[in-house]
Amino acid sequence: MSCAFINLCILAAQHAWAQLTLWEASQLCLLFLSLTLATVNARWLESRTTAAMWALQTVEKERGLGGEVAGSHQGPDPYRQLREKDPKYSALRQNFFRYHGMSTLCNLGCLLSNGLCLAGLALSLESL
């Protein structure tokens with residue numbers, strides 16, 4: 001390829017970028033944000049959240065918990081007692097809620113950014 005062709009391609013890309021309106025550029029940023037959050041959630045947070053959940057479930061099953069009907073126990077909460085007595089379980093629980101919370105924030109970020117993009121597209125439609 002010649003230098004002239006490469007320069008022409010670069011100039012065409014710069015011209016196309018300069019023609020973007022502020023809203024179109026912000027839509028691109030919102031879509032990139034959504035893609036980034038979805039990737040982080042799928043590649044990093046999901047596996048850690050699931051691993052923490054399985055570890056919690058293993059400890060609970062070792063202690064005979066997990067099979068009861070919610071609200072059926074009498075007296076003190078057995079899960080609260082387990083958290084107070086077993087620091088490993090308490091740490092696993094905190095780890096699970098940390099990753100689960102970050103995953104939820106990623107999902108909310110995706111929902112908001114996609115919603116804003118769709119609202120912008122809907123508002124820019126002249127007719128249906």
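This is a predicted model: local features need pLDDT of at least 70, side-chain atom pairs count only at pLDDT 80 or more; totals for chains, interfaces and linings use all residues.
Residues are numbered from 1 along each chain as its sequence is written, and side-chain values use heavy atoms, with hydrogens and water left out.

**The overall picture**

- The protein has four helices and zero strands; helices (H or I, at least four residues) and strands (E, at least two) are DSSP runs, numbered from the N terminus.
- Along the sequence, the pattern reads α-α-α-α.
- Of the 128 residues in the protein, 20% are buried; buried means under 20% relative accessible area, exposed over 50%, and partly exposed in between (1.4 Å probe, protein chains only).
- Among contacts with a separation of 6 or more, 73% are between residues 24 or more positions apart, where contact means heavy atoms within 4.5 Å.
- The accessible surface of the protein is about 9,700 Å², and carbon and sulfur atoms hold 66% of that; accessible areas come from the Shrake-Rupley method with a 1.4 Å probe, and for residues only the protein chains shown count as cover.

**Helix α2**

- Helix α2 covers residues 22–62, which makes 41 residues.
- From its first C-alpha to its last, α2 reaches 57 Å, close to the 60 Å expected at 1.5 Å a residue; the expected span is 1.5 Å times one less than the number of residues.
- An α-helix has 3.6 residues a turn, so residues three or four places apart point the same way.
- Just after α2, Gly64 has a positive phi of about 80°.

- Gln27, in helix α2, counts as buried because its relative accessible area is 12%.
- Apart from neighbours within four places in sequence, Gln27 touches Cys117, Gly120 and Leu121.
- Phe32 also sits in helix α2, but it counts as exposed because its relative accessibility is 57%.
- The C-alpha atoms of Phe32 and Cys110 are 9.9 Å apart, although 78 residues separate them along the chain.

**The salt bridge**

- One salt bridge turns up in a search of the whole structure; the term means a side-chain nitrogen of Lys or Arg within 4 Å of a carboxyl oxygen of Asp or Glu.
- The partners are Asp86 and Arg63, with their closest N and O atoms 3.1 Å apart.
- Asp86 is in the loop between α3 and α4 and Arg63 in the loop between α2 and α3, so the pair ties together parts 23 residues apart in sequence.
- Asp86 is buried at 10% relative accessibility, whereas Arg63 is partly exposed, with a relative accessible area of 47%.

**A patch on the surface**

- Phe5, Ile6 and Ile10 make a nonpolar surface patch of about 260 Å².
- Patches are made of residues with over 30% relative accessible area and no salt bridge, joining like charges within 9 Å and nonpolar side chains (Val, Leu, Ile, Met, Phe, Trp, Tyr) within 5 Å.
- Ile6 belongs to helix α1 (residues 3–18) and is partly exposed, with a relative accessible area of 39%.
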